[in-house]
Amino acid sequence: MSDAANSIVEPGSMADRALVMGIVNVTPDSFSDGGAWPDAASAVQHGLDLVAQGADIVDVGGESSRPGAVAVPVEEELRRVLPVIEALSSHVRVSVDTVKPEVAEAAVAAGATLINDVSASLWQVAASCGVGWVAMHRRGTPTTMQDDPRYDDVVTEVRDALLERAARAAEAGVSEIWIDPGIGFGKTVEHNLSLLAHLDVLVETGFPVLVGTSRKAFLGTLAAGEDGTVPPPTERLAGSLATATLALHLGAGMVRVHDVAATVQAARLVGRTVQQAGEGVQVGRNSSGHDEVKG
Ligand code: HH2
């Protein structure tokens, strides 16, 4: 594996633009691209295409987490993701999108250096494997999470839940910890918008922030025509780019997207704007930043 492909994001590192994570779903049922890359060869080619478009990391997943998704047995998830991770990890940094410790460990052995964990429960695996970890917030499981989600104060509750997990991971020795508000995971349209509008609250924790809005249902709802027609996931690029740009402007260090080329352009634009203002894009914030959190 090349050094570039293997690099861990250093705390406090600066860059010209924030990172773009390209999505490689090796699944038959993902909400926007299920079945598009059904075998390892086509999934690897898709990953290489995303790298050519400028992806900094590719996120390989073998189990959909969309609302109502059915869990996949470990063996099947391994069969889907391992050959893809093995092939891609010599070209680009690879994360594995899984909630199963067995899959995370095998993925790291195959070359992944970041565990993208929508259950925010695998920090011990990340610690023992010596890789980075993404803690994403969610309420419930894919089967139940959209059944009337309620919060008193969604921004504070999500921040506090993520900080609690991130602190445990830091104690366990994980040196690269990302936090992610989990847009669409047990959240209404209003919850998603509040989390985006107040993303600075997550950024201020000091942990680098990852945001995934790409093609999600709330963008379809907000873009519905007067006749109520909701654009399908593949026709939500405008909302995906608008929300990615908003998140980057508010300080997200990475966005997780399907449409890499367009998002890289948007990230460059935000990066240049921030530099024009005399600042820099801080990608890897101090990963022990929980010590600095106020309130
Ligand atoms: N969203 C999805 C999956 N994984 N990981 C993080 N960290 N943040 C997210 O917002 C996130 C995620 C859902 O998107 P997708 O992978 O396109 O769909 P599916 O879960 O149906 O495969």
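## The pocket

A pocket here is an open set of grid points, found over the protein atoms alone, where a 1.4 Å probe fits and protein lies on both sides within 12 Å along at least five of seven lines. With that in hand, let's look at this predicted model. Its largest pocket is the space that the ligand takes up.

## Around the ligand

The shell around the ligand holds 18 residues, and those that come nearest are S30, S64, N116, D180 and K216. By residue class, the shell is made up of six nonpolar, seven polar and five charged residues.

The side chain of D180 places an N or O atom 2.7 Å from a nitrogen atom of the ligand. D97 also points to ligand nitrogen, with a polar side-chain atom 3.0 Å from such an atom. For S65 the backbone does the work: one of its N or O atoms lies 2.8 Å from a ligand oxygen atom. On its own the ligand has 480 Å² of accessible area, and the protein covers 99% of it.

## The sheet

Now for the strands. Eight of them form an open sheet with parallel pairing, and their order reads β7-β6-β5-β4-β3-β2-β9-β8. At the edges are β7 (177–180) and β8 (210–211), each of which pairs on one side only.

How values were computed. Residues numbered from 1 in each chain as written. Predicted model: local features only at pLDDT ≥ 70, side-chain atom pairs only at ≥ 80, totals over all residues. Heavy atoms only, no water. Near = heavy atom within 4 Å. Polar contact = N/O pair within 3.5 Å; in protein donor to acceptor, adjacent residues only side chain to side chain. Areas by Shrake-Rupley, 256 points an atom, 1.4 Å probe, with all protein chains shown as cover. 1 Å grid on protein atoms, 1.4 Å probe; cavity = no way out; pocket = protein on both sides within 12 Å on 5 of 7 lines; lining within 4 Å. Sits in = over half its atoms within 2 Å of the grid points. Nonpolar A, V, L, I, M, F, W, Y, C, P; charged D, E, K, R; others polar. Pairing = 2+ DSSP bridges. Helix = DSSP H or I, 4+ residues; strand = E, 2+ residues; numbered from the N terminus.
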